[in-house]
Amino acid sequence: MASRAGQRQRGGRAAVAERVAGGLARLEPDPDRPQGWTLTLDGAPQSAVDLADPTHLGFAYQRRIGHAADVAVAPAPGRPLRAVHLGGGALSLPRYVAATRPRSTQQVVEVDRELTAFVRRALPWDAGQRIRVRGADARAGLAKVPDGWADLVVTDVFDGARTPAHLGTVEFLADVRRALAPDGLYAVNVTDGPPLAHLRAQIATVLAVFPEVCVTADPAVLRGRRFGNAVLLAAARPLPVAELTRRAAADPHPARLEHGRALADFTGGARPVTDATARPSPPPPPGTFA
């Protein structure tokens, strides 16, 4: 069972911290949003949630995944989705989908049951939102999803500040494609920094499984100037590249989108990753989350 580690006041609200399986989980109140909270795990930001407005996504990479959820199963905005979220955190994206696409059915796979219990107590979600959280390894949880069931699969899993090796391989992605409906969409959060060897290899891996792939990220990240997040989107059908480009450019933190030949060239000849060659994502540089 998670144990209470401490509280700290900010803006009249108390920050809450508990020891969970993955380390020290802390919920910090957002000083600019009366019901906003940021979840960190051992100091690394994991989720941002506004209980009063679940459509607010506080992290830029989450908004880029939110764009994917918005355009999934086009041309029917607002249509309910069947979504699988690998990695739960504070359930920012499941809450977003529940608010923007009512009556959606969502499965969340989160290996840290103590973290889920902590979030459920501190930031409860509506039981009527049809969000089911399963305590399991992401890959094992995905294996239980029926063939062709999901309109959207999201991978946003971190062990501390690194993505586990087994969630970035050709074999894993083959199972993602199996679980997706023919017009389904896959979104994955990838972190990397100079020289971007991990990101290039992850793009090559996704391209080995899906015919349509794009990446959105801060231009400085794609130029290899700093460590950060990149969101890869993939599908077995054409992606709405023009709409995704527009949304990325209009974001408060504008992003660049790469697709097609430019994306293939960006990989620089990187080889797809397999279960036999997989490594975790690189750790962030010291001071990244200071």
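This is a predicted model: local features need pLDDT of at least 70, side-chain atom pairs count only at pLDDT 80 or more; totals for chains, interfaces and linings use all residues.

Colleague: How many of the residues of helix 2 are buried, and which are they?

Modeller: Helix 2 spans residues 92-100 and is largely enclosed by the rest of the structure, because most of its 9 residues fall in the buried class, with 7 counted there. Buried here means under 20% relative accessible area. The buried residues are S92, L93, P94, R95, Y96, V97 and A98.

Colleague: At what angle do helix 1 and helix 2 cross, and what is the hand of the crossing?

Modeller: Two packed helices are described by the angle between their axes and the distance between the axes. For helix 1 and helix 2, the axes come within 11 Å. Their crossing angle is roughly 35 degrees, and the hand of the crossing is right-handed.

Colleague: Which residues of helix 2 meet helix 1?

Modeller: From helix 1, the contact takes in Q62, I65, G66, A69 and D70. By class, this contact has 5 nonpolar, 3 polar and 1 charged residues. On the side of helix 2, the residues are S92, L93, Y96 and V97.

Colleague: How far apart are the axes of helix 1 and helix 8?

Modeller: Helix 1 covers residues 60-71 and helix 8 covers residues 241-250. The two pack at an angle of about 145 degrees, and helix 1 passes helix 8 in a right-handed crossing. Their axes are 10 Å apart.

Colleague: Which residues of helix 8 does helix 1 meet?

Modeller: Helix 1 contributes H67, A68, D70 and V71 to this contact. The classes represented are 4 nonpolar, 1 polar and 3 charged residues. The partners in helix 8 are E243, L244, R247 and A248.

Colleague: Which element gives the largest share of the lining of the largest cavity?

Modeller: The model has 3 cavities of 30 Å³ or more, and the largest cavity holds about 90 Å³ of space. Of its 13 lining residues, T163, L167, G168, H198 and Q202 are the closest to the centre. Strand 10 (180-192) and helix 6 (197-207) each supply at least two residues of this lining. The largest share, 4 residues, comes from strand 10.

Colleague: What is the volume of the second largest cavity?

Modeller: The second largest cavity is lined by L167, G168, L173, Y186, V188, V190, Q202, V206 and L232. Strand 10 gives the largest share of that lining, 3 residues. By class there are 7 nonpolar, 2 polar and no charged residues. The volume is about 40 Å³.

Colleague: Which residues lie nearest the centre of the second largest pocket?

Modeller: The second largest pocket has a volume of about 170 Å³ and is lined by 15 residues. Strand 3 (23-29), strand 4 (36-41) and strand 5 (44-50) are the elements that give two or more residues to this lining. The lining comprises 6 nonpolar, 4 polar and 5 charged residues. Nearest the centre lie D30, W37, T38, A48 and F59.

Conventions. Residues are numbered from 1 along each chain as its sequence is written. Side-chain values use heavy atoms; hydrogens and water are left out. On a 1 Å grid over the protein atoms alone, a cavity is a set of points where a 1.4 Å probe fits but cannot get out, and a pocket is an open set with protein on both sides within 12 Å along at least five of seven lines; lining residues have an atom within 4 Å of a point. Grid points are joined across faces, edges and corners, and a volume is the space filled by probe spheres set on the points. Ala, Val, Leu, Ile, Met, Phe, Trp, Tyr, Cys and Pro count as nonpolar, Asp, Glu, Lys and Arg as charged, and the others, Gly among them, as polar. Axes are lines fitted to C-alpha atoms, for helices over the stretch in contact, and angles run from 0 to 180 degrees between N-to-C directions. A crossing is left-handed if the near helix is turned anticlockwise from the far one by less than a right angle, and right-handed if clockwise. Contact means heavy atoms within 4.5 Å. Buried means under 20% relative accessible area, exposed over 50%, partly exposed in between (1.4 Å probe, protein chains only).
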